[in-house]
Amino acid sequence: LAIRDVSVVDVGTVLARARLLWILAALVSTALTVAVGVARWRVLFHADGERPAWSNLAVALLVGQMLNIMLPLRLGEMVRAFWLSRAEGIPIGRALGTVVIEKLADLTSLGVAVGALLLLVSVPVWAVVPGRGLIVTALGAACAIVLIATSGRSIVVFVLGMAVRLSPALGARLTLLGETALEGSRVLDSWKACVAVAFLTLLGL
């Protein structure tokens, strides 16, 4: 949809005028960003010493990013978790759990970066309010990470207990999904893994 009205001739003309060095720099930057994302996702499976194949992680991540561009509500994140689950034989809940922790880490690091900009750089007035909104969102994400790390199982048990009361059949399915999703957050049990995830998250901004 994004390129349906774009002339191939015009694209060729623009590329012919572009500097090869900048094109290569952009490609290298994109490749490094993907590599950092793959490395971080692999670290998120730290808990049981499980290490999914680099190739499966990379394919799943790229497929997810492509679908995020094409589909609403960032449905590509769910697709990449499903893709990796099928490729590695990992429970879908666990793969989704790592994606949730990853997104919370993204929001937190983005808030840190925006906060640093607001403090150290003179930004336009129109950018201040949205920036503060991002910082508040980041604080919420950081609180969610702490809550999952300290009380994740209690929260899952409470929510699933309510689901079982409403629908025993649905509750049973959600119980399995919730338990495996909680396993995806076990990276929070290791401070070394948390530091690695934080570093890779900031590196990938």
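Me: How many helices and how many strands does the chain have?

Reply: Start with the secondary structure. This is a predicted model. The chain has 8 helices and 0 strands. Read along the sequence, the pattern is α-α-α-α-α-α-α-α.

Me: What box do the C-alpha atoms fill?

Reply: Take the box along the principal axes. For the C-alpha atoms of this chain, the box is roughly 65 × 40 × 35 Å.

Me: What percentage of the residues count as buried?

Reply: Burial is read from relative accessible area, with buried meaning under 20%. Of the 205 residues here, 30% are buried. The accessible surface of the chain comes to about 13,200 Å². Carbon and sulfur atoms account for 73% of that surface.

Me: What share of the contacts join residues at least 24 apart?

Reply: Look at contacts between residues at least 6 apart in sequence. In this chain, 63% of them join residues at least 24 apart.

Me: Which residues touch the most other members of the largest nonpolar core?

Reply: The general idea comes first. In soluble globular proteins, nonpolar side chains tend to be buried together. Now the case here. The largest nonpolar core has 26 residues. Those touching the most other members are Trp41, Leu44, Phe45, Leu57, Leu84, Val187 and Val197. Six elements need naming next. Helix H2 (20-43), H3, H4, helix H5 (92-120), helix H6 (125-166) and helix H8 (191-203) each give two or more residues to this core. The largest share, 6 residues, comes from H2.

Me: What does Phe45 touch, leaving out residues up to four places away in sequence?

Reply: Read the contacts of one core member as a list of partners. Phe45 touches Glu50, Arg51, Pro52, Leu57, Leu84, Ile90, Arg94, Ala95 and Thr98. Two of these partners, Leu57 and Leu84, are also among the core residues that touch the most other members.

Me: Is Ala95 buried or exposed?

Reply: Ala95 sits in helix H5. Its relative accessible area is 0%, so Ala95 is buried. Now compare sequence with space. Ala95 and Gly184 are 89 residues apart in sequence, and their C-alpha atoms are 6.3 Å apart.

Me: Is Val156 buried or exposed?

Reply: Val156 belongs to helix H6. Val156 counts as buried because its relative accessibility is 17%, and the cut-off is under 20%. Leaving aside neighbours within four places, Val156 is in contact with Gly178 and Leu182.

Me: Is Met70 buried or exposed?

Reply: Met70 lies in helix H3. At 58% relative accessibility, Met70 counts as exposed. Met70 and Arg173 are 103 residues apart in sequence and 29 Å apart in space, C-alpha to C-alpha.

Me: Where is Leu73 found?

Reply: Leu73 is in the loop between helix H3 (54-70) and helix H4 (76-88). Most residues other than glycine have a negative phi. Phi of Leu73 is positive, near 60°. Leu73 is exposed, with a relative accessible area of 77%.

Me: What is phi of Arg74 near?

Reply: Phi of Arg74 is near 50°, a positive value in a residue other than glycine. Arg74 also lies in the loop between H3 and H4. Its relative accessible area is 47%, so Arg74 is partly exposed.

Me: How many disulfides does the count come to?

Reply: Check the distance between cysteine sulfur atoms. A disulfide needs a pair within 2.5 Å. By this rule the count comes to 0.

Methods:
Residues are numbered from 1 along each chain as its sequence is written. This is a predicted model: local features need pLDDT of at least 70, side-chain atom pairs count only at pLDDT 80 or more; totals for chains, interfaces and linings use all residues. Side-chain values use heavy atoms; hydrogens and water are left out. Helices (H or I, at least four residues) and strands (E, at least two) are DSSP runs, numbered from the N terminus. Buried means under 20% relative accessible area, exposed over 50%, partly exposed in between (1.4 Å probe, protein chains only). Contact means heavy atoms within 4.5 Å. Accessible areas come from the Shrake-Rupley method with a 1.4 Å probe; for residues, only the protein chains shown count as cover. A nonpolar core is a set of buried Ala, Val, Leu, Ile, Met, Phe, Trp, Tyr and Cys residues joined through side-chain atoms within 4.5 Å.
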